[in-house]
Amino acid sequence: MLTADQVNANLSYLRMKRLIDIFGSIIGLILLSPIFLIVAILIKLEDPKGPVFFKQVRVGKNETEFQMYKFRSMVSDAEERLKELLALNEVSGAMFKMKNDPRITRVGKFIRRTSIDELPQLLNVLKGEMSLVGPRPPLRREVDEYLPFDKQRLLVTPGCTGLWQVNGRNSLGFEEMVKLDIYYIYNRNLLFDIKIILKTVKCMINSDEAY
């Protein structure tokens, strides 16, 4: 089992990773600002009453909670309607995924398939709540179901992308996701991070696994 001391041992890597996160998120927000504007307009055109951004409490490093940002891809009352859909979950373990989720809007289907809905998380990266690469931040209700082995993925700063996203994503179950995350934590380094980022770009272009 991993410990906090083990994952924080390589200080030079962690400092460099944070610098890359800061500069990467700033550059990304500047270059992607036209896409932000277009997506915001499309979301408002389809559903004028709902917000452009969706904020959700997620669990980060050492189980610290924070507000994670996304472009809204669902109807305004999506959270309220979740309970009636839980029985239709299509992935195993402490996650909820449904390929034909009726709560997703038309614009939402596109931005989810291309992972554009995740771009506002660059703000979380800039704030230090997330990293460009790391385990995806779970919901509190998911963490409540974690076993001690699963909680190892909460020892590091969560990421916008990770091994799960570039190795099957929604075709993998919860146990496979945890194993990939822990493998990443054991072996993470700057070259590994860069490879995952490059693979993520490829996955965004070939986005059949995203929903």
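Leu29, Ile30 and Leu31 in helix H2 meet Ser33, Pro34 and Phe36 in helix H3. Sort the residues of this H2–H3 contact by type and you get 5 nonpolar, 1 polar and no charged. Keep in mind that you're looking at a predicted model.

How do you put a pair like this into numbers? Two packed helices are described by the angle between their axes and the distance between those axes.

| Helix pair | Angle | Distance between axes |
|---|---|---|
| H2 (residues 11-31) and H3 (residues 33-46) | about 55° | 4 Å |
| H9 (residues 174-187) and H10 (residues 190-205) | about 140° | 9 Å |

Now for who touches whom in the second pair. On the H9 side there are Tyr183, Tyr184 and Asn187, and they meet Phe192, Asp193 and Ile196 in H10. This contact splits into 4 nonpolar, 1 polar and 1 charged.

Tyr184 turns up again in the largest nonpolar core, which has 40 residues. Which members touch the most others there? They are Phe71 and Tyr184. H9 gives this core its largest share, 6 residues.

Phe71 also links back to where we started: leaving aside neighbours within four places in sequence, its contacts include Phe36, the H3 residue from the opening contact. Also among them are Val39, Ile43, Val52, Phe53, Phe54, Ile111 and Asp117.

Notes
Residues numbered from 1 in each chain as written. Predicted model: local features only at pLDDT ≥ 70, side-chain atom pairs only at ≥ 80, totals over all residues. Heavy atoms only, no water. Axes fitted to C-alpha atoms, helices over the stretch in contact; angles between N-to-C directions. Helix = DSSP H or I, 4+ residues; strand = E, 2+ residues; numbered from the N terminus. Contact = heavy atoms within 4.5 Å. Nonpolar A, V, L, I, M, F, W, Y, C, P; charged D, E, K, R; others polar. Core = buried A, V, L, I, M, F, W, Y, C linked by side-chain atoms within 4.5 Å. Buried < 20%, exposed > 50% of the residue type's maximum accessible area, 1.4 Å probe, protein only.
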